Amino acid sequence: MSTDVRIDGYARALFEIARAEGTLDEVEDELFRFARSYESSDALRNTLTDEQVPVAKRQAIVEDLLGGKATSTTTQLVSLVVGSGRGRDLPAIIDRLVARASSSKNLSVAEVRSAVALTDDQQARLAAALANATGKQVNLKVVVDPSVLGGLVATIDDTVIDGSVRTRIDQLKSRL
Amino acid sequence: MNTVNVLTVLAADDHHDIDPSRSVHWLWPEQAELIYGTVSSLIIFGLLFKFAGPMVAKAFKARTERIQDELDSSAAAQTEAAAEAAEIRKAAGDIESERARLLADADAQAEAVLAEGRARLDAEVADLNAKADADIALAGSRVGDELRAEVARLANAATEQALAAGAVDAATQQELIEAFIAKVGANA
């Protein structure tokens with residue numbers, strides 16, 4: 001079985017569990033946030049993928065991280081993936097799950113990176129603006145990323161709308 | 001006393017009235033003496049002609065042949081000398097023409113060397129000029145590049161420093177977010 005098929009299998013299983021639990025929207029959002037944190041933290045990623053660390057220990061770390069901050073379903077799903085030794089594929093599995101969830105609602109995933117958190121009003125207006133701009137209803141996922149410095153970067157499927165300060169600075173550096 | 005005088009004395013003995021201590025004539029001897037003297041002279045000349053003549057003729061002939069040989073030798077020597085002189089003149093002429101040819105060759109080679117040297121010198125000067133121009137342009141470009149790089153580096157450093165100091169404050173963050181939403185919405 002190829003890695004891609006395996007990732008898709010895990011994503012489908014997690015999706016079905018969350019939908020059966022009736023917490024798909026909430027679980028999907030929490031998993032998405034956890035995946036972005038997982039990608040940005042080398043220590044967390046190394047710990048959860050270290051074969052020398054016992055599975056029980058890695059699962060305990062997950063429960064410590066998410067316990068009380070996320071739903072029990074989210075915690076159990078992440079623990080399940082880490083316990084099965086697929087921690088390295090966790091972000092890809094979660095992205096497939098989010099895509100599947102959005103597709104089930106005829107939505108496109110819009111990943112928005114911002115240096116600061118967006119208010120609910122800003123998220124609603126931004127979702128509407130992106131929908132108008134792309135012609136697609138979007139499932140907005142906001143990621144707080146200090147490296148953006150300022151402004152926003154929105155990615156919808158293959159379309160990237162970049163209004164970040166970091167990109168402007170990079171362009172200025174290139175011109176200089 | 002020679003033979004003529006003896007004959008004269010003997011003839012005088014026949015004429016007793018003649019004083020033997022005196023001459024009959026101051027110029028002419030006695031007739032008999034004259035006859036005897038003439039005959040004797042003729043005999044002597046005849047003998048001389050017979051015996052000494054061939055020797056003298058032979059000597060003259062030998063002398064003539066020797067002189068002729070010497071003349072022939074001289075003529076041959078003169079001819080040989082003339083030939084040698086001609087050879088010498090010819091050799092001298094050849095030497096002169098060879099000298100002229102060598103001088104002409106040397107002049108041609110010297111001219112060719114000078115021309116080649118001038119051409120090479122001109123090419124080297126042109127190369128040096130081109131290289132100098134290229135070096136100047138390169139140096140100018142390098143200075144420009146270094147200046148731009150330095151400006152960029154300073155600008156980057158200033159930007160990073162400003163960002164580290166919180167140049168993008170909360171108000172600015174909100175302005176940027178609102179501007180982004182407005183811009184995306186306007187693109188509908």
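This is a predicted model: local features need pLDDT of at least 70, side-chain atom pairs count only at pLDDT 80 or more; totals for chains, interfaces and linings use all residues.

Me: Which residues of α3(B) are buried?

Reply: The general idea comes first. An α-helix has 3.6 residues a turn, so residues three or four places apart point the same way. In the present case, the buried residues of α3(B) are Leu176(B), Ile177(B), Phe180(B), Ile181(B) and Val184(B). Viewed down the axis of α3(B), these buried residues fall within an arc of 130 degrees, so they line one face of the helix. On the other side of α3(B), Ala171(B), Ala182(B) and Ala186(B) are exposed.

Me: What covers the buried residues of α3(B)?

Reply: The cover includes elements of chain A, namely β1 (108-114), α7 (120-134), β3 (152-156), β4 (159-162) and α8 (165-175). Chain B itself has 3 helices and 0 strands, and 5% of its 188 residues count as buried.

Me: How many residues does each chain bring to the contact?

Reply: In general, the size of an interface is often given as the accessible area lost when the parts come together. Here the account is by residues: 19 come from chain B and 21 from chain A. On the side of chain B that touches chain A, the elements giving two or more residues are α2 (31-164) and α3 of chain B. Of these, α3(B) gives the most, with 9 residues. By class, that side of chain B has 11 nonpolar, 6 polar and 2 charged residues.

Me: Turning to chain A, what pattern does its secondary structure follow along the sequence?

Reply: Chain A comes to 8 helices and 4 strands, in the order α-α-α-α-α-α-β-α-β-β-β-α. Buried residues make up 34% of its 176 residues. Among contacts in chain A between residues at least 6 apart in sequence, 64% join residues at least 24 apart.

Me: In which sense do β3(A) and β4(A) run, and how many bridges join them?

Reply: The two strands run antiparallel and are joined by 4 bridges. Val153(A) stands opposite Asp162(A) in β4(A), and Ile156(A) has Thr159(A) of β4(A) as its bridge partner. The strands β3(A) and β4(A) form a hairpin with 2 residues between them, and Asp157(A) in the turn has a positive phi of about 55 degrees.

Me: With which residue in β3(A) does Ala110(A) form a bridge?

Reply: The partner of Ala110(A) is Ile156(A). The pairing of β1(A) with β3(A) is antiparallel and extends over 5 bridges.

Me: Which elements of chain A have the lowest and the highest mean pLDDT?

Reply: The lowest mean pLDDT among the elements of chain A belongs to α8(A), at 81, and the highest to β3(A), at 93. For chain A the mean pLDDT is 89, and 99% of its residues reach 70 or more.

Technical notes: Residues are numbered from 1 along each chain as its sequence is written. Chains are lettered from A and ligands numbered from 1 in the order in which they are written. A residue is buried if 20 or more other C-beta atoms lie within 10 Å of its own, exposed if 12 or fewer, and partly exposed in between; C-beta atoms are placed from the backbone. The arc is that of the directions from the helix axis to the C-beta atoms. Two residues are in contact if their C-beta atoms, placed from the backbone, lie within 7 Å. Ala, Val, Leu, Ile, Met, Phe, Trp, Tyr, Cys and Pro count as nonpolar, Asp, Glu, Lys and Arg as charged, and the others, Gly among them, as polar. Two strands pair if DSSP finds at least two bridges between them. pLDDT is the predictor's confidence in each residue, from 0 to 100.
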